[in-house]
Amino acid sequence: MKKLESTLTNMVVVLVAVAVITGALLAWVNHVTEAPIKAQDEIALANGIKEVMCTDDLQVTADDEVKQEFEGKELTFIVHKTADKSGKFLGAAVESTTLGFGGDLKVLVGFDAEGKVLGYTILQAAETPGLGAKADKWFQKDGKGSIVGRQIADKPLAVNKDGGDIDAITASTITSRAFLKAVNQAYLVYAGQDKGQDTDAHSGATARKSSK
């Protein structure tokens, strides 16, 4: 077999062929893994909703996508309305995202029917390990900056440096502010929802029935 001459044209042909083959392989891998990853994300979200609502005895009655403007920027929230097995409204778990120290900080916050914080979990974070990453524990019921049981309607959550009464994560005030901002915004979106319906006439949100 004749050896391929090392010319510019031949090198370009080889590089293009390698790029095409690599792209095809990546596309195939993405296609194969897309469904399992999506299924895992759905399971994680379902478990997260139960965690922040503090009960396994619930059903998600609607997943409302709400677009609302804060500080001149339109943000997207997902409000997962819940009810018990008898259909009684329990409250909602709200997905809320703000900009933290290292990137987006996405939280899932559970509110009861009266708007009290039941719990939360971190869905996405890009904070500094050992500092900002502590947010998943710091604001929990037994944490130093606990927000569980708070009624935000009375007063927005804020760290001590900003005139509030929440202890910021040690050496990570920026992350603490971002987290509390996400929770406060989640509450405002939740408070604006029509608790008895699957659509929010005020925000123009469209409900997507959950299959959970």
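Which residue takes a positive phi in the hairpin of β2 and β3? In this predicted model, the residue is Gly87, with a positive phi near 100 degrees. The hairpin has five residues between its strands.

The protein has three helices and six strands. Read along the sequence, these elements follow the pattern α-β-β-β-β-β-α-α-β. Of the 212 residues, 36% count as buried. The protein exposes about 12500 Å², of which carbon and sulfur atoms supply 56%. Among contacts between residues at least 6 apart in sequence, 50% join residues at least 24 apart.

Helix α1 covers residues 8-53. A nonpolar patch on the surface is formed by Leu8, Met11, Val12, Val16 and Val20, which together have about 480 Å² of accessible area. Val16 is placed in helix α1 and counts as partly exposed, because its relative accessibility is 46%. In general terms, an α-helix has 3.6 residues a turn, so residues three or four places apart point the same way.

Strand β1 comprises residues 59-70 and runs antiparallel to β2, with eleven bridges joining the two. Within this pairing, Asp63 stands opposite His80 in β2. The two strands form a hairpin with two residues between them. In that turn, Glu71 has a positive phi of about 55 degrees.

Strand β2, residues 73-83, is mostly covered, with eight of its eleven residues buried. The strand also pairs in the antiparallel sense with β3, residues 89-99, over six bridges. Here the bridge partner of Ala83 is Phe89 in β3. The five residues of this hairpin lie between the strands, and Gly87 is the residue with the positive phi noted at the outset.

Helix α3 spans residues 173-191. At 1.5 Å a residue, its 19 residues should span 27 Å, and the end C-alpha atoms are 27 Å apart, which agrees. The helix is mostly covered, since 14 of its 19 residues are buried, where buried means under 20% relative accessible area. Leaving aside neighbours within four places in sequence, Gln185 is in contact with Phe70, Leu75, Phe77, Ser96 and Thr98. The C-alpha atoms of Gln185 and Leu75 are separated by 9.7 Å, although the two residues are 110 residues apart along the chain.

Side chains of opposite charge can pair when their charged atoms come close. In this model the count comes to six salt bridges. One of them joins the side chains of Glu65 and Lys67, at 3.8 Å from N to O. Glu65 is partly exposed, with a relative accessible area of 39%, and Lys67 likewise counts as partly exposed, at 40% relative accessibility.

Another salt bridge is made by the side chains of Asp165 and Arg150, at 3.1 Å from N to O. Both Asp165 and Arg150 lie in the loop between α2 (135-138) and α3, so the pair ties together parts that are 15 residues apart in sequence. Asp165 is partly exposed, its relative accessible area being 47%. Arg150 also counts as partly exposed, with 25% relative accessibility.

A salt bridge is likewise formed between Asp162 and Arg177, whose closest N and O atoms are 2.9 Å apart. This pair links distant parts of the chain, with Asp162 in the loop between α2 and α3 and Arg177 in helix α3, 15 residues apart. Asp162 is partly exposed, with a relative accessible area of 42%. Arg177 is partly exposed as well, with a relative accessible area of 37%.

Conventions. Residues are numbered from 1 along each chain as its sequence is written. This is a predicted model: local features need pLDDT of at least 70, side-chain atom pairs count only at pLDDT 80 or more; totals for chains, interfaces and linings use all residues. Side-chain values use heavy atoms; hydrogens and water are left out. Patches are made of residues with over 30% relative accessible area and no salt bridge: like charges are joined within 9 Å, nonpolar side chains (Val, Leu, Ile, Met, Phe, Trp, Tyr) within 5 Å. Accessible areas come from the Shrake-Rupley method with a 1.4 Å probe; for residues, only the protein chains shown count as cover. A salt bridge is a side-chain nitrogen of Lys or Arg within 4 Å of a carboxyl oxygen of Asp or Glu. Helices (H or I, at least four residues) and strands (E, at least two) are DSSP runs, numbered from the N terminus. Buried means under 20% relative accessible area, exposed over 50%, partly exposed in between (1.4 Å probe, protein chains only). Contact means heavy atoms within 4.5 Å. The expected span of a helix is 1.5 Å times one less than its number of residues. Two strands pair if DSSP finds at least two bridges between them.
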